[in-house]
Amino acid sequence: MSAASRANRLTPYLFLAPAAVILAFALLYPIGYMVYASFLDWSPSQRIGEADFIGLRNYTNLLQDAAFGESFWVTIKFAAVVVTLEMIIGVGLALLLDRNIKGMSLLRTIFILPMMIAPIVVGLMWRYMYHPTVGIFNRTIKSLGFEEGIPWLSDSTWSFIAVVIADVWQWTPFIFILALAAMQSLPRSALEAADIDGATEWQKITLIKIPLMMPVLIVTLMLRLIDAFKVLEVIMVLTNGGPGLSTEIVALRIFRTAQEFQELGEAAAMSNILLMLLMALTIGMFFYSKLQEARAARMRAAAEQEEAH
Amino acid sequence: MPNIRLENLVKRYGEFQVLHGINLEMKENEFTVLVGPSGCGKSTTLRMIAGLETVSDGEIFIDDKPVSHLEPKARDLAMVFQDYALYPHMDVAKNMSFALRLERRPKAEIDAKIKDVAEMLGLTKFLHRKPGELSGGQRQRVAMGRALTRNSGTFLFDEPLSNLDAKLRGQMRAELALMRQKVQKNMIYVTHDQIEAMTLADRIVVMHGGYIQQQGTPEELYKRPVNKFVAGFLGSPPMNFLEGDLADVDGRLCVQGQGFCLALSDERRQALANAPRGPVTMGIRPADLTYAPDAGDNTALDLRVVVSEYIGAQSVLICDCAGQKVEVELKSDTPIALGETLRFAANAQAIHLFDRETEEAL
Ligand SMILES: Nc1ncnc2c1ncn2[C@@H]1O[C@H](COP(=O)(O)OP(=O)(O)OP(=O)(O)O)[C@@H](O)[C@H]1O
Ligand SMILES: [Mg+2]
């Protein structure tokens with residue numbers, strides 16, 4: 001190989017190098033730092049070099065810690081519930097509002113407002129609305145003639161419901177706009193063909209629209225799921241994890257472990273467990289779609305072979 | 001198969017009127033072709049029949065039942081779209097069986113039907129492919145197959161061949177003509193290609209600017225166009241138009257223009273006995289002009305060859321007749337030179353005359 005052609009082959013890597021360097025520092029360094037920290041018994045008063053290396057002890061401690069287990073379970077429950085609700089409501093709204101009526105664009109803009117509000121503000125807003133005596137919910141309930149208001153933030157079941165409602169309120173619009181965008185780029189003539197083929201509105205939704213939107217919906221779902229596992233501010237402001245541990249999601253626990261209990265190593269270990277969970281989810285999703293593709297390809301090949309005979 | 005009738009069909013988009021009262025009746029098992037230039041309202045008409053577009057005014061009757069308020073699925077028709085409109089996430093078999101599956105027909109019946117249609121269209125090998133994995137021509141056949149698997153009374157086609165290359169289009173056109181013989185159904189076919197119109201149609205409907213210009217068999221329209229637009233639209237190469245005056249010369253009725261004077265046939269003279277003399281537009285098809293060096297003055301045009309387009313056995317000559325453009329066809333092996341003036345005899349029976357102002361045929 002001549003020098004010139006070798007240089008030619010190396011050129012792309014040369015151009016990629018700056019990006020690779022930045023990526024290494026900005027992305028891998030902090031993650032590496034966190035992974036390393038999770039093997040340390042480290043308090044904020046120490047520099048990282050002074051902390052004791054304790055191997056996997058942080059992790060084993062966590063696995064035996066019932067409170068962490070509880071947090072973990074709350075997080076999964078929370079993420080599953082909010083993402084399911086948001087997907088159903090978001091996609092449902094998109095299906096309803098995907099038409100050209102006057103004023104629809106204004107309506108759409110209003111729908112996505114909640115997403116633009118800072119989470120701390122959302123938390124504060126909902127806290128006032130959930131207030132046991134002066135909050136709008138309980139005042140309404142009482143004015144309807146009921147004696148008792150709902151103990152929104154002081155009962156463990158209700159407080160879970162309360163944080164779910166706040167999160168659904170804030171993040172449904174995210175799914176709504178992505179679903180709407182996907183829906184508007186659907187091939188119009190295929191839907192017209194379905195009209196002629198005799199599909200009802202419902203059949204058009206379930207047999208044409210949803211399947212065609214599926215790739216976008218799956219990505220949306222992943223993004224929301226990852227986000228839901230990491231919510232912090234709204235819950236911190238609303239309930240701060242309580243009452244008891246009923247709304248203490250892992251992110252909040254990590255924050256408190258670092259802030260209040262000054263256990264940086266343990267907090268890092270918790271973060272890592274969360275990270276691994278999310279990575280497992282993403283990789284699982286990736287392989288699932290690969291598997292689907294491979295299966296379809298295999299079926300096709302088999303079918304063609306059969307016909308060849 | 002049902003009989004479809006359009007009565008004073010009007011379509012407006014806001015203030016903008018696209019169709020101005022279309023009246024049309026399609027007999028049983030007739031292959032009707034709507035043809036016209038781009039934007040003349042062909043697709044709109046077809047989509048209104050299909051129920052994909054609302055009717056602004058007038059009515060559509062299927063078997064004498066008004067249907068303009070009915071959903072597409074209640075109208076018993078199948079449609080082939082210009083962009084095929086296949087369902088991208090379903091394989092060919094699923095695409096073709098979609099309507100049948102919605103009707104919850106028994107699986108055996110569906111399979112048999114798919115097999116039949118796939119065989120007829122040569123799609124058997126592709127039944128398990130998705131539309132994205134097919135060529136343009138194969139997709140086109142799938143679109144056709146999807147319409148055929150349904151047992152509807154009427155088939156609508158919106159420029160089904162316009163996305164294909166010239167060779168494939170010719171091939172598919174022939175296949176369509178063949179399918180037409182096997183499938184006895186009402187067919188309404190939209191195209192802007194006059195060759196498709198001429199070869200496929202039982203009846204051609206020429207549209208222009210939201211009006212029907214003329215309807216009839218291909219032969220009627222070719223031989224007796226009612227106006228200059230229809231005359232110029234059908235036939236390839238297109239009809240030549242020459243400006244001239246209708247005048248009596250030496251006891252014969254002639255069209256006299258710059259550099260030519262053609263005598264009309266006796267029947268024409270009788271028919272036009274009372275017509276006012278004066279400016280007219282004369283139309284004559286290239287096929288009715290034959291190279292004849294010895295032809296007499298009153299039966300021929302003298303044309304100076306400007307461009308010769310070689311297309312094989314025949315060449316199309318673009319000529320000049322005292323400032324007016326005339327196209328003629330000539331055997332390619334005729335020895336001629338550019339710039340040479342040649343004499344072409346005009347078939348007096350085939351001369352068309354149009355009013356200069358209204359462009360109606362005289
Ligand atoms: N949604 C619409 N809003 C306004 N005008 C429209 C709309 N759809 C079509 N038109 C107009 O209606 C006229 C007829 O359109 P149509 O699609 O029927 O033409 P066409 O004869 O099928 O032409 P082509 O051969 O290019 O497909 C055009 O002038 C077009 O601009
Ligand atoms: Mg069209």
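This is a predicted model: local features need pLDDT of at least 70, side-chain atom pairs count only at pLDDT 80 or more; totals for chains, interfaces and linings use all residues.
**Entry 1: two helices of chain B**

I looked up how α4(B) and α5(B) cross, and the crossing is right-handed, a term used when the near helix is turned clockwise from the far one by less than a right angle. Residues are numbered from 1 along each chain as its sequence is written, and chains are lettered from A in the order in which they are written.

I noted that α4 of chain B covers residues 136-149 and α5 of chain B covers residues 166-182, and that they pack at an angle of about 20° with axes 11 Å apart. Helices here are DSSP runs of H or I with at least four residues, numbered from the N terminus, and the axes are lines fitted to C-alpha atoms over the stretch in contact, with angles from 0 to 180 degrees between N-to-C directions. The packing angle therefore makes α4(B) roughly parallel to α5(B), a label for angles under 35 degrees.

**Entry 2: the residues between them**

I then listed the contact (heavy atoms within 4.5 Å), to which α4(B) gives B:Gly137, B:Gln140, B:Arg141, B:Met144 and B:Leu148, while α5(B) gives B:Leu168, B:Met172, B:Glu175, B:Leu176 and B:Met179.

**Entry 3: two domains of chain B**

I found domain 1 (4-233) and domain 2 (240-355) in the domain assignment of chain B, whose bounds come from an automatic or database assignment. The C-alpha centres of these two domains of chain B lie 39 Å apart, and their contact takes 8 residues from domain 1 and 5 residues from domain 2.

Technical notes: Side-chain values use heavy atoms; hydrogens and water are left out. Angles under 35 degrees count as roughly parallel, over 145 as roughly antiparallel, 65 to 115 as roughly perpendicular and the rest as oblique.
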